[in-house]
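User: Could you walk me through this one and tell me what stands behind the labels you use?

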Amino acid sequence: MSMAKENDSLSLVLIGGSSGSFAIFEEIIRLVRNPLSFALIFVLHRGKSSTAVLPEIFKNKTNVAMSEPYHLDPIEANSIYFAYPDYHLLIGPDRRFYYDCTDKDFFSRPSIDATFISAAVSGISVKAAMLFSGSSADGALGMKTLAEKGFPTYVQNPAEAESPRMPEQALLAFEKHRMVTGGNLFSIINDILQ
Amino acid sequence: MVLMEYSELEILIVRIREISGFDFSGYARPSLLRRASRYLTTHKMDFPQLLAHIEQGGNVVYGLIQELTVNYSEMFRDADFFMKVKAEVFTYLESYPTLRFWVAGCASGEEAYSLAIFLKEAGFLNRSLIYATDLSNKALTAAREGIFTLGNVRTFSENYLAAGGKHSLSDYYHVAYNKAAMLPELRRNIVFSMHDLTGDGVFNEFQFISCRNVMIYFTLELRQKVFRLLYDSLSMLGFLCLGKRETLRYSGLEENFKVIDSTLNIYQKIR
């Protein structure tokens, strides 16, 4: 696969969550303003029949372009992307999105692990990866893989999460993720936006 | 979970080709890497062990190829898609004296049976022939048997009703030994046969081709070649259906199709 030569500075910010994460996603999107130096990718667990179009729901919260990408669409900075229900969203080393409908991870498709692991091995720089509330162990392996590659990783304080299991499992798999609390979310996001 | 790197995947692709002749070079790397990592995990191996393992050749390599190529499918996947096909495509095709459908990459037959059921309900299954092809013999054997687990059938039934099915899905199968077997009368108009989209050519002309979530496993270059094959296999004004996250973009054939539904990815060949 050939790497795109132009746009060498592409970096990703990955955010995963499940039950109890929606409000936090909204809060983050509110803080994000055009222009963004990176591509911001959200993976939220949702049922296959979910008809909610996230870019529509969030459209009044930010002025950054949002989409649920199509297979092979190029990943671009200054864009917000959402994983689509019933598919895994993979990050290709050629800086394109790839869809996959193989087995679910932890009963989830999209799975957070699928996206995060593919990003970790893609060769594309990951500026930050964050994992929030949820009731499965999805995301733990992806976060660990990213952290071991040297990328900054942030996990919600399980004590503050609506569903603590997902952040708990991530911290069990890898102890050194940085902790996100209600108190420091704003400053962490602002740091990432710098 | 055992993770693989792209450099290892390239080595694996070469070894599989040398041992078996099967060529994965046209397969999209991101999903192939995911599948290969899952293979390592389920078989409790690391990469060097996998390389040693496939040296045995024969069934071992064959099994690996099966696992790396198997497609996930369910009956009536995407209710809105089937509603649209019935409303816009079936009504268009209704007047044809005979009809040929092609389910390209049919896995275990889920889409082919779904089509057969809705063609029956539309009243023209008798003058239709559904060709359902896959490159996996194992998948085709399962497809011919038409036997599904009751757990899966529960999902299929929900999908069927959501897609506007006129009866109950249970009218189309019988239950034995805790499995559901599709009625033989549905199979009468389905031809299951082996076909490799990446190597085999045109074998018939169709008024309708469904190739949903199959080309997502091919590289951009191979995908263009397969698009050409599908295009050449369609009769003029025939319909092409792709998966929900696929598009005609990057196919090189955008100009030759009219968009019937851009969200559900239904196209009609117009030149």
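**Helix pairs, a core and an interface**

Analyst: Let's start in chain B: Glu8(B), Arg15(B), Ile16(B) and Ile19(B) in α1(B) meet Phe47(B), Leu51(B) and Ile54(B) in α3(B), where meeting means C-beta atoms, placed from the backbone, within 7 Å. By class that contact has five nonpolar, no polar and two charged residues. Ground rules: this is a predicted model, in which local features need pLDDT of at least 70 and side-chain atom pairs count only at pLDDT 80 or more, while totals for chains, interfaces and linings use all residues. Residues are numbered from 1 along each chain as its sequence is written, with chains lettered from A and ligands numbered from 1 in the order in which they are written.

User: Why are α1(B) and α3(B) called roughly parallel?

Analyst: Their axes cross at roughly 5 degrees and come within 11 Å. Angles under 35 degrees count as roughly parallel, over 145 as roughly antiparallel, 65 to 115 as roughly perpendicular and the rest as oblique, so α1(B) and α3(B) are roughly parallel.

User: And what makes α2(B) oblique to α4(B)?

Analyst: Here the axes cross at roughly 130 degrees, coming within 9 Å. That value falls among "the rest", so α2(B) is oblique to α4(B). The contact of α2(B) with α4(B) also has five nonpolar, no polar and two charged residues. Among those meeting are Leu32(B) and Tyr39(B) from α2(B), and Leu64(B) and Leu68(B) from α4(B).

User: What makes a set of residues the largest nonpolar core?

Analyst: A nonpolar core is a set of buried Ala, Val, Leu, Ile, Met, Phe, Trp, Tyr and Cys residues joined through C-beta atoms within 7 Å, and the largest has 134 of them. Ala112(B), Ala116(B) and Ile209(B) have the most contacts inside it. Helix α6 of chain B gives the most to this core, with seven residues.

User: How many residues of chain A are in contact with chain B?

Analyst: 21, against 19 residues of chain B. β6, α3 and α4 of chain A each give two or more residues to that side. By class, this side of chain A has 14 nonpolar, five polar and two charged residues.

Note on methods:
Buried ≥ 20, exposed ≤ 12 C-beta atoms within 10 Å, placed from the backbone. Helix = DSSP H or I, 4+ residues; strand = E, 2+ residues; numbered from the N terminus. Axes fitted to C-alpha atoms, helices over the stretch in contact; angles between N-to-C directions. Contact = placed C-beta atoms within 7 Å. Nonpolar A, V, L, I, M, F, W, Y, C, P; charged D, E, K, R; others polar.
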